Structure formats: structure tokens, C-alpha cells
Amino acid sequence: MAGGDIENRGGPKRNSNSINDSSGGSYISSSTYMIDDTEPQWTSWLVPVFVVANVAVFVVVMYVNNCPKHKLVGKCVARFLCRFSFEPLRENPLFGPSSSTLKKLGALEWTKVVINHQGWRLITCIWLHAGVIHLLANMLSLIFIGIRLEQQFGFVRIGILYLVSGFGGSVLSSLLIRNNISVGASGALFGLLGAMLSELITNWTIYTNKASALLTLVVIIVINLAIGILPHVDNFTHIGGFLTGFLLGFILLPRPQLGWFEHRNIPVRTGLKSKYKPHQYVLWVASIVLLVVGLAVALVVLFREEDGNEYCTWCHYLSCVPTSRWDCNQNN
């Protein structure tokens, strides 16, 4: 999922009338907002580290894969790369390793997670990618979304948001898909998208151009989720990551009321008795309850070896819609 980011030069400004948008039918980084000049701005370093880590892991995966060792050299793609050459395109059209290598190094697979008690795969799969195309699309999206969010909210909150959203996407995928493996940072990226939406909602009063910002973000979310109904795309990871990030956004990304930073440094009362507004506290509590209960129930159902499709007989349509051109049975 590649994307672009058109944002204001010079960072956020008080009472700005422009909005941040995205191009290419993917993600936007943030809506325009009114912000206290004294609110701290962070230097983004964690997101670049995540990008480097994902690229490094892919290099290791390709080294372990070693296509010439188990395939005739003539059948490997980009033979000049030697052991880093790619699997034949008929087996992996994304220019990457074999599925057996991905399984070996931590891909998400129901049997190994539940039957073999390898729960760590719910995390390791986030750092694996099926190929160069898959990796580039996700890393470009991470750069466009993550750097701006980290600058606004700091590395701790964005790090938690990224990792927990990825975990939530893996859990939902394991509940509803048993026969395929899943890899990629898409769940974590959709978590960032979900958090952007909830951040807009919980900080609604300090935003300008509210309607256009909300409409733009919703359209982009719908487009990306719609792409997920194509075959060979694990949309359950996207949905699980999005829902997890959406709830985490209410918990981690509320902004203080306008004037709070000045108020705390001035001894004279200015009428601000609370850092956050009442609705922000309500959303914070409700989101914590829903997130904890949701993950707990999902994990219990998963490790009891129950099939999530039995509880939701229509959910498989959220990941793949069968047509005359393709069959979805292989995706479930």
C-alpha cells in the first residue's frame, strides 16, 4: 500500500485554514489543527528505525532463502544476486522468498500458532514481507504516515500503537484464516490509519476544516479496505489492525484543551480546570474496556482451537468476494 503526503510546509500553525491530504488513493498524514505554540514537537527516529529493521529482516530472509540451492539456477529471478535471487515469479510474483522460508522464519500460520503453541508468530509476522514490492509499498506508507505522527505524539505512543495494532491484526487473521500464511506490516499500518481517525474525533473541537478532513480520511480508509477484498490479500489483518488502532487512538492520542500549556505556567486562573474535555475521558475509558475485553476474548477463542468463522458466517466476505474471475476458497 503505497501512498503520498501533501502537507503544510514549516509544520503545524495556529488557526491554519489548509488541510493535509494524500494522493494516490492511500493514506493521509493528518488533518489541519489548531495547536498551542508551546506544545512540544518531537524528532522522528523510531519510524526510520522500523523501516531499517524491516529492510534488514528482508535481507536476512533472502539470505536464508537461497533460491539457487533448492531451485535450478535458471529458474531463479535476478540470478546475478546469487543466493539473494528471487523465487520464480509463478511461485512468488512479488519478487521474494518461498513460502517455506517465510514459515521457517516466523510467518503467521494457524497450525503453528495454536497447535504448536508458537504464539510469538503473532508478532514476528509483522516484520516479514512476501517480496520487494510488498516491502516497498508498506515502508513508503509507514514513512508517510508514521513520521508525521511521531513528530506530533512522540516515539513511545507511536511505537505502542504500531506494535499493538500489528498484534491485533494478527489475532483476527488467525481467528478467521486457517489454510494460508500471512506476513507484513499492513496490520500495524492500518492501526496508524485507525488512530488518525479516532484522533480526529477525540480532538474534534481543535480542528479546522473538520468535514473535509473527516471525509478525506474516511474515503482513503474505505479504498484501502476495499482493495483487501481481492484474492491473496489478508484483509482480516487490515481490519484487526484498524480496529485496534482506532481504539488506541482514543487512549494514546488525545490533545489537551487549547490554552492548557499556557494555563499551567500562569498562576492566575483562566477557567481551565481539566487538561482534557469530558468527552475525551469518556472515550478513553470506553476504549480501554473495549480493547482489553476484545483482545482477551479473541485470544481465548483462538487458543481454544475454535474457528472464528463459526461465530461469524459472513465474515469471509470481508477478506475476499468470489467472482467469475477468481475463487476465494484458497483464502480461507
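So, the count here comes to nine aromatic pairs. By pair I mean rings of Phe, Tyr and Trp (its six-membered ring) with centres within 6.5 Å; planes under 30 degrees apart are stacked, over 60 edge-to-face, and the rest tilted.

Take Trp45 and Phe155: they make a tilted pair, 5.0 Å centre to centre with 50° between the planes. Trp45 sits in the segment before α1 (46-65) and Phe155 in helix α7 (residues 155-176), so this pair ties together parts 110 residues apart in sequence. Helices, by the way, are DSSP runs of H or I, at least four residues, numbered from the N terminus.

Quick word on where this comes from: it's a predicted model, where local features need pLDDT of at least 70, side-chain atom pairs count only at pLDDT 80 or more, and totals for chains, interfaces and linings use all residues. Residues are numbered from 1 along each chain as its sequence is written, and side-chain values use heavy atoms, leaving out hydrogens and water.

Are Phe246 and Phe250 buried or partly exposed? Phe246 is partly exposed at 22% relative accessibility, while Phe250 is buried at 5%. Buried means under 20% relative accessible area, exposed over 50%, partly exposed in between (1.4 Å probe, protein chains only). Both lie in helix α10 (residues 235-252), four residues apart, about one turn of the helix.

There's also a cluster: Phe50, Trp127 and Tyr162 form one aromatic cluster.

Last, charges over rings, meaning NZ of Lys or CZ of Arg within 6 Å of the ring centre and within 35 degrees of the ring normal. Arg83 has its charged end over the ring of Tyr63, 3.7 Å from the centre.

Technical notes: Helices (H or I, at least four residues) and strands (E, at least two) are DSSP runs, numbered from the N terminus.
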